[in-house]
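Please read these notes with the model open beside you. Check each point against the structure as you go.

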Amino acid sequence: MDLRCPFGRVPRFKPSVPTSTTCPKCLKLNAVGVRAGRSFYTRFWFCKHGCGWACWRPPAPWPCPKCKWAKIWAASRLSFACFKCEHRVRLDSLFAI
Ligand SMILES: [Zn+2]
Ligand SMILES: [Zn+2]
């Protein structure tokens with residue numbers, strides 16, 4: 001008889017965020033690829049057009065309100081910062097009305 005929980009193990013929380021496929025360095029569309037690491041946190045994102053951008057922080061799908069450049073997520077996934085001018089936007093400020 002199987003006494004384990006019928007729903008399986010409770011999954012660990014993984015912050016899932018919307019990501020962009022625009023390279024934050026060269027701004028080419030559909031440029032971002034993902035390379036899987038050993039865990040969720042060691043995945044990294046890179047530019048397929050060879051501009052050299054590679055980062056373990058994924059690009060965020062909202063442009064910078066200051067300079068319109070692409071942004072990338074912070075490690076906490078609670079904010080994202082502009083790749084160019086480093087202007088930072090907190091996620092809760094986006095959705096707070
Ligand atoms: Zn690029
Ligand atoms: Zn900016």
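**Notes on strands and cores**

1. Trp45 stands opposite Cys55 in strand 3. Strands here are DSSP runs of E, at least two residues long, numbered from the N terminus. This is a predicted model: local features need pLDDT of at least 70, side-chain atom pairs count only at pLDDT 80 or more, and totals for chains, interfaces and linings use all residues. Residues are numbered from 1 along each chain as its sequence is written.

2. Strand 2 (residues 44-47) pairs with strand 3 in the antiparallel sense, over two bridges. To pair, two strands need at least two bridges found by DSSP. The open sheet has three strands in the order 1-2-3. Strand 1 (32-35) and strand 3 (54-55) each have a single partner strand, so one side of each is left without a neighbour in the sheet.

3. Now look at Phe80. In strand 6, Phe80 stands opposite Trp73. Phe80 also stands opposite Val89 in strand 7. Strand 5 and strand 6 run antiparallel, joined by three bridges. Strand 6 and strand 7 (residues 88-90) are antiparallel too, over three bridges.

4. Check the hairpins. Five residues lie between strand 5 and strand 6, and Arg77 takes a positive phi near 65° there. In the hairpin of strand 6 and strand 7, Glu86 takes a positive phi near 65°.

5. Which residues make up the largest nonpolar core? They are Ala60, Cys64, Ala70, Ile72, Trp73, Phe80, Cys82 and Phe83. A nonpolar core is a set of buried Ala, Val, Leu, Ile, Met, Phe, Trp, Tyr and Cys residues joined through C-beta atoms within 7 Å. Buried means 20 or more other C-beta atoms within 10 Å of the residue's own, with C-beta atoms placed from the backbone.

Note on methods
Chains are lettered from A and ligands numbered from 1 in the order in which they are written. A residue is buried if 20 or more other C-beta atoms lie within 10 Å of its own, exposed if 12 or fewer, and partly exposed in between; C-beta atoms are placed from the backbone. Helices (H or I, at least four residues) and strands (E, at least two) are DSSP runs, numbered from the N terminus.
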